[in-house]
Amino acid sequence: MQPRKIAMAGRAARANFSAMLPLSRSRLLPLALGVACLLGARLSPAGATEARSNILAGPYDGTFDAVVSVNELAGAYPFYNSGFFGQNVIIANVEAGHVWGGHEVFDRTGLSAPASPALLLDAGRDALAAPDLGDVDFHATMVGHVLAGTGLLPNGDLSLLGAGLAPLATLWSGAIATHFDRTEENIGSFEISEESFRLPYEAFFRGTVAGRADVINSSWGFDDPAGISAENRRLDALAAENPTVTFVRSAGNGGAAAAPGVGFNGIVVGALGGADFLTPSEFTSRAPGDFFNPATGQTLVGVRANVTVAAPGETFALAYYGGKSGSLADLVGAGDPATDKYFVFNQSGTSFSSPVVAGGVGLLKNVIKSGFFGLGNEALDTRVLKSLLQAGSRPTVGWNNGQQLVAGVVRTTQALDYAVGAGRLDLNNSANLLLGGTTDVPGAGGGSIRPEGWDAGSLTGGTANDYFFDLAFDGLVQITISLNWFVPATFDAADDPQDAWFADLNLSLWRASGSVFDDLVASSESRYGNSEFLRLTVPAGSYGIRVNHTGWIYNVSATTPSAEAFGLAWTATSLPVSSVPEGDGWFLLAPGLLAFVLIRRWRGVRKRKFAN
């Protein structure tokens with residue numbers, strides 16, 4: 001693999017961004033933060049009293065009067081109020097450079113948690129004769145802040161800037177850039193080699209002596225619309241090989257999703273802004289993606305919805321690294337050393353919406369791994385978690401997955417909105433589905449289900465799994481259903497990924513009489529995607545869900561495909577919504593001094609007035 005130039009997925013507020021150039025030139029233009037904004041909009045801390053708070057977003061004009069808590073918008077507060085902060089979960093961030101652990105947002109003094117980041121991993125600048133490999137970088141530091149910032153911050157306005165989504169998760173950092181382009185017009189672009197790329201990803205997916213990651217976040221991208229590059233194929237194969245390691249990546253900024261956001265086997269995140277962060281960001285990738293069929297060698301253009309879900313991604317206030325390494329090494333002055341602990345404001349991009357979701361997945365895995373709820377490894381599977389996130393999401397402004405009424409049946413061949421997937425992340429809703437109803441139907445063949453829940457099931461070709469709601473609905477009901485499966489690949493003797501097969505699963509909602517399906521109500525049949533999704537309102541009656549395996553979109557494997565594993569999640573909410581209580585009480589209160597101290601601090605923050 002020749003060294004190639006790629007780009008980060010962040011951008012400055014209101015800054016222009018460029019489309020990425022074809023890889024035939026081994027170069028991509030940056031989707032990067034504007035240098036003027038980065039170097040000009042920062043504050044130096046003052047005071048000494050410690051406090052903890054949240055990631056903030058909203059236009060910063062010298063005051064915090066128009067900001068909101070991203071943690072609260074994402075639905076994370078019920079986790080914190082129950083003592084779940086990401087403990088016992090490892091979140092790895094892999095991108096150009098390393099997270100700078102010297103910033104105060106990563107200070108864990110007095111907490112029973114590993115130093116942050118606890119592990120820095122790269123292939124070694126000396127081993128690869130790559131002097132930039134392993135550099136600490138400004139972009140990685142901001143992303144790390146969103147993932148797992150915990151810092152003890154001084155009083156005053158800056159006391160609001162601290163905790164990421166999973167503030168007590170173990171944070172690992174992997175660096176892949178062999179060379180940074182430090183010209184002002186190309187800040188954010190960097191080169192990689194095969195060796196620099198493979199080492200951290202393979203270690204974090206497959207495990208090291210320090211353990212194996214639970215979540216991997218990547219907020220960088222390059223042009224590969226059909227996902228056929230060696231890098232994208234390897235990441236997709238690693239994600240399928242290790243289903244309990246959830247791979248989260250940014251969709252990219254502009255046009256169709258950027259690789260690795262075009263991969264099948266993980267979570268791809270779009271960005272939101274506007275009122276209550278319910279409007280797709282102007283810059284977030286929203287064009288349908290391409291599909292390459294390895295059996296025919298043909299590429300179909302614009303036939304896939306790549307984005308899984310969306311999250312806030314505009315005007316963040318984040319930790320700033322201004323040292324003379326990484327992207328900014330040639331642009332920072334002598335009065336801007338790394339030891340000055342600054343913050344940078346008004347930062348936007350899918351670079352930051354992705355770690356919001358990755359941190360949220362870390363919280364869900366913290367709940368699952370706690371042992372309090374009797375959940376097995378099935379709940380840690382990416383296919384299940386992806387379905388839980390989608391079924392628990394909130395519709396965004398203009399949300400459209402192509403559903404149309406055809407001959408009395410609601411049908412979609414698109415499944416997801418091109419910009420936001422299923423909608424805006426709502427961790428509280430997803431946790432309700434995880435814990436509040438059916439928690440994995442016994443066996444692998446369907447059965448009776450409660451109005452909300454999930455299942456880790458499997459199907460062979462030509463068969464179907466049927467699920468019947470255990471009670472009839474008395475009035476109007478909004479039903480949301482999400483189905484996800486992998487597109488597997490194998491590794492050959494040289495550890496290179498080889499395409500295997502792509503199963504064609506469909507999702508449908510039926511009227512039912514007892515255990516018999518009567519009339520088809522709705523169907524999601526996206527030919528070239530591995531997610532199916534329905535969101536619709538139905539009248540009173542008895543209903544059921546069907547997942548059927550219609551065959552294979554392609555099969556280039558030397559063996560007959562085994563049963564296809566999938567994750568399914570659903571919720572049925574009686575309308576009007578105002579009559580349904582929203583409570584946060586789906587967690588047992590986790591005891592302990594740590595939880596008590598942190599909960600008190602978070603509750604203190606919640607009393608502050610945040611503008612919408």
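I worked from a predicted model throughout.

**Entry 1: H4 and H7**

I looked up how helix H4 (residues 138-148) lies against helix H7 (residues 350-369). The two pack at an angle of about 35 degrees, and their axes are 8 Å apart. I noted the crossing of H4 past H7 as right-handed.

Next I listed the residues that meet. From H4 these are His139, Met142, Val143, Val146 and Leu147, and from H7 they are Ser351, Phe352, Pro355, Val356, Ala358 and Gly359. Sorted by class, the H4 contact with H7 has eight nonpolar residues, three polar ones and no charged ones.

**Entry 2: strand E8**

Is strand E8 (residues 170-175) buried or exposed? I found six of its six residues buried, so E8 is largely enclosed by the rest of the structure. I then checked the two faces of the strand. Thr170, Trp172 and Gly174 point one way, while Leu171, Ser173 and Ala175 point the other way, and all are buried.

I also looked up the pairing of E8. Strand E6 (residues 90-95) runs parallel to E8 and is joined to it by six bridges. Strand E7 (residues 119-121) is parallel to E8 as well, with three bridges. Ser173 turned up in both pairings: Asn93 has Ser173 as its bridge partner, and Leu120 stands opposite Ser173.

**Entry 3: the seven-stranded sheet**

I traced an open sheet of seven strands with mixed pairing, in the order E21-E22-E31-E30-E33-E26-E24. Its edge strands are E21 (404-406) and E24 (446-449), each of which pairs on one side only. On average, neighbouring strands are turned by 30 degrees against each other, with direction ignored.

**Entry 4: Ser523**

Staying with this sheet, I picked Ser523, which lies in strand E31 (residues 516-524). The relative accessible area of Ser523 is 2%; buried means under 20%, so this residue counts as buried.

Which side chain makes a polar contact with that of Ser523? I found Arg411, at 3.5 Å. Leaving out residues up to four places away in sequence, Ser523 touches Val410, Arg411, Thr412, Leu507, Ser508 and Leu534.

Key: Residues are numbered from 1 along each chain as its sequence is written. This is a predicted model: local features need pLDDT of at least 70, side-chain atom pairs count only at pLDDT 80 or more; totals for chains, interfaces and linings use all residues. Side-chain values use heavy atoms; hydrogens and water are left out. Axes are lines fitted to C-alpha atoms, for helices over the stretch in contact, and angles run from 0 to 180 degrees between N-to-C directions. Helices (H or I, at least four residues) and strands (E, at least two) are DSSP runs, numbered from the N terminus. A crossing is left-handed if the near helix is turned anticlockwise from the far one by less than a right angle, and right-handed if clockwise. Contact means heavy atoms within 4.5 Å. Ala, Val, Leu, Ile, Met, Phe, Trp, Tyr, Cys and Pro count as nonpolar, Asp, Glu, Lys and Arg as charged, and the others, Gly among them, as polar. Two strands pair if DSSP finds at least two bridges between them. Buried means under 20% relative accessible area, exposed over 50%, partly exposed in between (1.4 Å probe, protein chains only). A polar contact is a pair of N or O atoms within 3.5 Å; within protein, one must be able to donate a hydrogen and the other to accept it, and residues adjacent in sequence count only if both atoms are side-chain atoms.
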